Amino acid sequence: MFFFGKNEQFVDAEEGAKRKLLGRGGTLMMAEVSFQKDAIGAIHAHTHEQVSYIVQGSFEFHLDGEVQRVVKGDSIYVSSNTLHGVKALEDNSIILDVFTPQREDFV
(Lines give C-alpha, C1' and ligand atoms only; values in the text may rest on other atoms or scores of the structure.)
Protein backbone atom coordinates (compact mmCIF):
# COMPACT_ATOMS: atom_id res chain seq x y z
CA MET A 1 0.00 0.00 0.00
CA PHE A 2 1.35 3.45 -0.90
CA PHE A 3 0.87 6.65 1.09
CA PHE A 4 1.87 9.90 -0.58
CA GLY A 5 2.72 12.63 1.95
CA LYS A 6 1.46 15.40 -0.34
CA ASN A 7 -2.01 13.80 -0.23
CA GLU A 8 -2.18 13.47 3.56
CA GLN A 9 -3.54 16.31 5.69
CA PHE A 10 -2.15 17.64 8.96
CA VAL A 11 -4.49 17.72 11.96
CA ASP A 12 -3.99 19.69 15.15
CA ALA A 13 -2.35 17.65 17.89
CA GLU A 14 -1.55 19.87 20.88
CA GLU A 15 -1.08 23.64 20.88
CA GLY A 16 1.77 24.45 18.51
CA ALA A 17 1.89 20.90 17.12
CA LYS A 18 0.27 19.18 14.16
CA ARG A 19 0.30 15.57 12.98
CA LYS A 20 -0.27 13.66 9.77
CA LEU A 21 -0.37 9.93 9.17
CA LEU A 22 2.22 8.74 6.68
CA GLY A 23 1.45 5.05 6.59
CA ARG A 24 -0.43 2.30 8.35
CA GLY A 25 -1.15 -1.38 7.91
CA GLY A 26 -1.03 -4.62 9.84
CA THR A 27 0.03 -3.67 13.33
CA LEU A 28 2.21 -0.68 12.35
CA MET A 29 1.51 3.03 12.01
CA MET A 30 3.80 5.96 11.16
CA ALA A 31 3.07 9.64 11.79
CA GLU A 32 4.92 12.92 11.27
CA VAL A 33 4.53 15.46 14.08
CA SER A 34 5.62 19.06 13.48
CA PHE A 35 6.23 21.46 16.38
CA GLN A 36 6.76 25.18 16.76
CA LYS A 37 9.32 26.37 19.32
CA ASP A 38 8.22 25.77 22.93
CA ALA A 39 5.28 23.56 21.89
CA ILE A 40 4.78 20.69 24.30
CA GLY A 41 3.74 17.11 23.73
CA ALA A 42 2.34 16.52 27.21
CA ILE A 43 3.74 13.69 29.30
CA HIS A 44 1.55 10.64 28.76
CA ALA A 45 1.63 6.86 28.40
CA HIS A 46 -0.14 4.37 26.11
CA THR A 47 -0.14 0.64 25.53
CA HIS A 48 1.58 1.01 22.16
CA GLU A 49 5.31 0.57 21.64
CA GLN A 50 6.83 3.60 19.92
CA VAL A 51 10.02 4.58 18.15
CA SER A 52 10.56 8.30 17.58
CA TYR A 53 13.11 9.66 15.08
CA ILE A 54 14.12 13.32 15.10
CA VAL A 55 13.87 14.46 11.48
CA GLN A 56 14.54 18.14 12.06
CA GLY A 57 15.23 20.51 14.94
CA SER A 58 15.70 19.59 18.58
CA PHE A 59 13.65 18.57 21.59
CA GLU A 60 13.80 18.10 25.32
CA PHE A 61 12.55 14.52 25.56
CA HIS A 62 11.14 13.14 28.81
CA LEU A 63 11.27 9.35 29.10
CA ASP A 64 10.33 7.54 32.29
CA GLY A 65 11.70 10.31 34.54
CA GLU A 66 14.85 10.93 32.48
CA VAL A 67 15.28 14.09 30.39
CA GLN A 68 17.61 14.28 27.38
CA ARG A 69 18.16 16.81 24.62
CA VAL A 70 17.72 15.07 21.27
CA VAL A 71 18.54 16.46 17.83
CA LYS A 72 18.23 15.59 14.15
CA GLY A 73 19.31 11.98 13.62
CA ASP A 74 18.58 10.79 17.17
CA SER A 75 15.92 8.22 18.00
CA ILE A 76 14.08 7.05 21.10
CA TYR A 77 12.38 3.75 21.93
CA VAL A 78 9.33 4.04 24.20
CA SER A 79 8.09 0.78 25.67
CA SER A 80 4.44 0.09 26.40
CA ASN A 81 2.90 2.13 29.25
CA THR A 82 6.03 4.28 29.75
CA LEU A 83 5.59 7.96 30.60
CA HIS A 84 7.05 10.23 27.91
CA GLY A 85 6.66 13.71 26.40
CA VAL A 86 8.56 16.45 24.56
CA LYS A 87 9.20 20.16 24.37
CA ALA A 88 10.35 21.61 21.04
CA LEU A 89 13.49 23.74 21.34
CA GLU A 90 13.33 25.18 17.79
CA ASP A 91 10.68 26.22 15.28
CA ASN A 92 9.77 23.62 12.68
CA SER A 93 11.07 20.69 14.72
CA ILE A 94 9.79 17.38 13.34
CA ILE A 95 9.46 13.91 14.86
CA LEU A 96 8.65 10.74 12.93
CA ASP A 97 6.74 8.37 15.23
CA VAL A 98 6.19 4.67 14.56
CA PHE A 99 3.70 2.72 16.69
CA THR A 100 2.70 -0.88 17.18
CA PRO A 101 -0.11 -1.68 17.37
CA GLN A 102 -1.71 1.13 15.44
CA ARG A 103 -3.02 4.14 17.35
CA GLU A 104 -6.71 3.86 16.56
CA ASP A 105 -7.21 7.25 18.26
CA PHE A 106 -5.16 8.82 15.43
CA VAL A 107 -7.30 7.41 12.60
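Colleague: Which side chain of opposite charge is nearest to arginine 19, and how far away is it?
Modeller: Aspartate 105, at 6.6 Å. Arginine 19 is buried and has no salt bridge. Buried is under 20% relative accessible area, exposed over 50%, partly exposed in between, with a 1.4 Å probe and protein chains only. A salt bridge puts a side-chain nitrogen of Lys or Arg within 4 Å of a carboxyl oxygen of Asp or Glu; Lys and Arg count as positive, Asp and Glu as negative, with His and the chain ends not counted.

Colleague: And what is the basis?
Modeller: This is a predicted model, where local features need pLDDT of at least 70 and side-chain atom pairs 80 or more, while totals for chains, interfaces and linings use all residues. Numbering runs from 1 along each chain as its sequence is written, and side-chain values use heavy atoms, leaving out hydrogens and water.

Colleague: What does arginine 19 touch?
Modeller: Leaving aside residues up to four places away in sequence, its contacts (heavy atoms within 4.5 Å) include Phe10, Glu32 and Phe106.

Colleague: Aromatics next. How many pairs?
Modeller: Three, counting rings of Phe, Tyr and Trp (its six-membered ring) with centres within 6.5 Å; planes under 30 degrees apart are stacked, over 60 edge-to-face, the rest tilted. Phenylalanine 2 and phenylalanine 4 are stacked, at 6.1 Å and 10°. The rings of phenylalanine 35 and phenylalanine 59 are edge-to-face, with centres 5.2 Å apart and planes at 80°.

Colleague: Are phenylalanine 35 and phenylalanine 59 buried or exposed?
Modeller: Both are buried. Phenylalanine 2, by contrast, is exposed at 72%, and phenylalanine 4 is partly exposed at 45%.
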